[in-house]
Every structure is written in structure tokens, then in C-alpha cells.
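Colleague: Could you take me through a close look at the aromatic rings here, and then at the charged side chains?

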Amino acid sequence: MYCSIDPATAILEVAVHKGFRVPDVVPHVLTAMTIAAPENVYVVGPADVPNPNWLRSGIPSAGQQAFGGALLMRHKFVVIPSAVSTHSWNLMFAGAAAAGAYAVRSQEPFALDTRLHPPVTP
């Protein structure tokens with residue numbers, strides 16, 4: 001699972017992958033969670049990323065996917081810089097591997113600000 005640390009970045013991450021239409025017409029849920037043992041969180045700093053281009057917007061490469069997969073095999077939770085919002089961070093975890101290591105604090109239906117998906121005018 002791939003999510004953002006803050007809701008604003010989560011909205012941008014969804015929009016960059018799916019466009020603003022999808023979160024406007026398909027129900028989404030915002031979830032807040034608590035990680036039981038913070039020592040289970042591995043932080044990847046910008047200097048730890050093998051290819052600096054991975055921190056720029058673009059289609060993920062095979063190398064990026066392998067890097068992320070290897071991190072998730074070694075760590076329950078990984079925090080990594082966002083390529084969408086350069087001063088934000090994303091949290092990655094595999095649901096099955098992290099089961100029991102976090103607790104859901106709250107969930108609420110997500111409502112996209114309609115100005116982000118305006119009608120098309122001729």
C-alpha cells in the first residue's frame with residue numbers, strides 16, 4: 001500500500017495517477033492510522049535514493065519498483081520523499097506484512113473540492 005503522510009499530498013498523489021475525475025466520481029476514504037512501534041518505520045532520505053531522477057515526476061521505472069519492493073521486504077513501513085510534492089513524504093507498506101503493526105485511528109469519506117474537477121465549457 002502506498003499512502004501519503006498528509007491528506008493534501010494524498011489528494012495530489014491520487015490526482016497525478018488517476019486525474020481529478022476519479023476522486024470526484026468514485027468514492028474514496030481518508031484514513032488516519034497510528035504505527036504501534038515507530039522503530040518499524042524506515043526513512044529513505046533524498047540522498048539514499050540511487051537515482052535522483054526518481055524524485056522527479058514521471059512514470060516509475062523498473063529500477064524504482066525494484067528498489068521499493070526490496071525496501072518493503074526488509075521493513076514494515078517505509079517513508080520516502082514524494083516526487084509529486086517535493087517537500088512532502090509518502091508512506092509505503094504491504095498490508096499483509098504490516099498487519100497488527102498499526103491501528104486505524106479514523107476513517108472518513110473523502111470529498112473532492114469540486115473546483116478541482118470543473119465542468120468542461122465549450
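Modeller: Let's start with a word we'll need: buried means under 20% relative accessible area, exposed means over 50%, and partly exposed is in between (1.4 Å probe, protein chains only). Bear in mind that this is a predicted model, where local features need pLDDT of at least 70, side-chain atom pairs count only at pLDDT 80 or more, and totals for chains, interfaces and linings use all residues. Residues are numbered from 1 along each chain as its sequence is written, and side-chain values use heavy atoms, with hydrogens and water left out.

Now the rings. Rings of Phe, Tyr and Trp (its six-membered ring) pair if their centres lie within 6.5 Å; planes under 30 degrees apart count as stacked, over 60 as edge-to-face and the rest as tilted. Searching the whole structure turns up four aromatic pairs. One of them joins Phe77 and Phe93, a tilted pair with 5.6 Å from centre to centre and 50° between the planes. Phe77 sits in strand β4 (residues 77-81) and Phe93 in strand β5 (residues 89-93), so this pair ties together parts 16 residues apart in sequence. Strands here are DSSP runs (E, at least two residues), numbered from the N terminus. Phe77 is buried, at 0% relative accessibility, and Phe93 is buried too, at 3%. Ring pairs also bring in Tyr102, making a cluster with Phe77 and Phe93.

On to charge. A salt bridge is a side-chain nitrogen of Lys or Arg within 4 Å of a carboxyl oxygen of Asp or Glu. The structure has one: Arg115 meets Asp113, 2.5 Å from N to O. Arg115 is exposed at 67% relative accessibility, while Asp113 is partly exposed at 31%.

Technical notes:
Helix = DSSP H or I, 4+ residues; strand = E, 2+ residues; numbered from the N terminus.
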